[in-house]
Amino acid sequence: MIFDEFSIKTLIRPVQDFPRPGVVFRDITPLFQSPKALRMVADSFIQRYVEADFTHIGALDARGFLVGSILAYELNKPLVLFRKQGKLPADVLSQAYSTEYGEAHLEIHADSLCEGDSVLLFDDLIATGGTLLAAAQLVRRMRASIHEAAAIIDLPELGGSQKLQDIGIPTFTLTAFALSDR
């Protein structure tokens, strides 16, 4: 199946003033309601990573879980969950981070990774990069490395992809939206 960025973009719904005034939220729900589009997205990532050298998929709460779990299954890799604070039941490592909306904490089970592991971080979009940067800090605290940070959408004007690249983390996204794309 050939990836069609235009058709994927048309299925990402802009929601004005959510979660606060002035923000255009990029809703991927319609993309998941189209079996063809979901397959196109999943297959694009699978083709990119099928022969890549990494050991784990790190999926970020919550929308990163959707495609991250598909990738883990299809690529036969362990799935590591990065959750919002208070959602994991065992011993955790926690990392504070800033979002475009405020401050939050990301957690991972303390026994999820070890030295020598290499992680593909996956989220639905890269905005300011706060969540992915926090996940990267947690991965590095566990003495593992980051293969790449991947997402469906990039919002390059918010600078997240550049921040990740500036600290040596390659990024990959299927599509990007300018802030002016309403």
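Rings of Phe, Tyr and Trp (its six-membered ring) pair if their centres lie within 6.5 Å; planes under 30 degrees apart count as stacked, over 60 as edge-to-face and the rest as tilted. By this rule, the count is four aromatic pairs. The model is predicted: local features need pLDDT of at least 70, side-chain atom pairs need 80 or more, and totals for chains, interfaces and linings use all residues. Residues are numbered from 1 along each chain as its sequence is written, and side-chain values use heavy atoms, without hydrogens or water.

**View 1. F45 pairs with F172.** Their ring centres are 5.9 Å apart and the planes stand at 90 degrees, so the pair is edge-to-face. F45 sits in helix 3 and F172 in strand 9 (residues 171-176), so the pair ties together parts 127 residues apart in sequence. Helices (H or I, at least four residues) and strands (E, at least two) are DSSP runs, numbered from the N terminus. F45, F122 and F172 form one aromatic cluster. F45 is buried, at 0% relative accessibility. Buried means under 20% relative accessible area, exposed over 50%, partly exposed in between (1.4 Å probe, protein chains only).

**View 2. Y49 pairs with F54.** The ring centres of Y49 and F54 lie 6.0 Å apart, with planes at 85 degrees, so this pair is edge-to-face. Y49 is buried at 1% relative accessible area. F54 is buried too, at 3% relative accessibility.

**View 3. Helix 3 meets helix 4.** L38, V41, A42, F45, I46 and Y49 in helix 3 contact V67, I70, L71, E74 and L75 in helix 4. Contact means heavy atoms within 4.5 Å.
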